[in-house]
Amino acid sequence: MSDTIAWPDFAKVDMRVGAIIEVKDFPEARKPAYQLVIDFGPEIGVRKSSAQITDRYSKEELVGRQIVAVINFPKKQIANFMSECLVLGAVEGQDVVLLEPGAQVPNGLKVS
């Protein structure tokens with residue numbers, strides 16, 4: 001387990017639900033990955049992210065799926081792509097299972 005954090009530290013992490021609206025291959029990435037375009041609703045808008053989820057998910061099954069992402073990290077350059085949020089998943093080795101709400105919710109809904 002990692003170091004314990006205080007509630008104010010956790011409260012700074014802005015996790016939101018978004019729907020994947022576009023998925024592209026990302027051959028320039030060092031490890032197999034997709035480029036995702038995610039709709040976080042009218043307040044936040046559309047953000048891009050790179051995700052190493054090619055082993056478990058096809059591009060077709062990702063489109064329309066709601067996921068959870070951290071939206072308040074700084075942008076990060078990954079090869080020729082600017083990632084604007086961090087998609088969350090449960091990780092075991094190279095396998096990543098996306099975190100997603102158990103029911104359809106509005107895009108942009110805050111996770112706490």
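Modeller: Let us begin with Asp-14, which is buried because its relative accessible area is 15%; buried means under 20% relative accessible area, exposed over 50% and partly exposed in between, with a 1.4 Å probe and protein chains only. The model is predicted, so local features need pLDDT of at least 70 and side-chain atom pairs count only at pLDDT 80 or more, while totals for chains, interfaces and linings use all residues. Residues are numbered from 1 along each chain as its sequence is written, and side-chain values use heavy atoms, with hydrogens and water left out.

Biologist: Where does Asp-14 lie, and which residues is Asp-14 in contact with, leaving aside its neighbours within four places in sequence?

Modeller: Asp-14 lies in the loop between helix H1 (7-11) and strand S1 (15-25). Helices (H or I, at least four residues) and strands (E, at least two) are DSSP runs, numbered from the N terminus. Contact means heavy atoms within 4.5 Å. Beyond its neighbours within four places, Asp-14 contacts Ala-69, Val-70, Ile-71, Asn-72 and Lys-110.

Biologist: How many helices and strands are there in the protein chain?

Modeller: The protein chain has 3 helices and 10 strands, in the sequence pattern α-β-β-α-β-α-β-β-β-β-β-β-β. Its radius of gyration is 14 Å, close to the 13 Å that the globule rule gives for 112 residues, so the chain is as compact as a globular protein of that length. That radius is taken over C-alpha atoms, and the rule is 2.2 Å times the number of residues to the power 0.38. Of the 112 residues, 37% count as buried.

Biologist: How is a strand pair read, and in which sense do strands S8 and S9 pair?

Modeller: Two strands pair if DSSP finds at least two bridges between them. Strand S8 (residues 89-92) and strand S9 (residues 95-98) pair in the antiparallel sense over 4 bridges.

Biologist: Which residue other than glycine has a positive phi?

Modeller: Ala-79 has a phi near 55 degrees. Ala-79 lies in the loop between S5 and strand S6 (81-83) and is partly exposed, with a relative accessible area of 44%.

Biologist: How is a pocket found, and what is the volume of the largest pocket?

Modeller: Rolling a probe the size of a water molecule over the atoms shows where empty space is left. On a 1 Å grid over the protein atoms alone, where a 1.4 Å probe fits, a pocket is an open set of points with protein on both sides within 12 Å along at least five of seven lines; lining residues have an atom within 4 Å of a point. The largest pocket has a volume of about 780 Å³, the space filled by probe spheres set on the points, which are joined across faces, edges and corners. Of its 32 lining residues, Ser-50, Ala-51, Gln-52, Ile-78 and Leu-86 are the closest to its centre.

Biologist: What is known of Ser-50?

Modeller: Ser-50 is found in strand S3 and is buried, with a relative accessible area of 18%. Not counting residues up to four places away in sequence, Ser-50 touches Phe-26, Ala-33, Tyr-34, Ile-78, Phe-81 and Ser-83.
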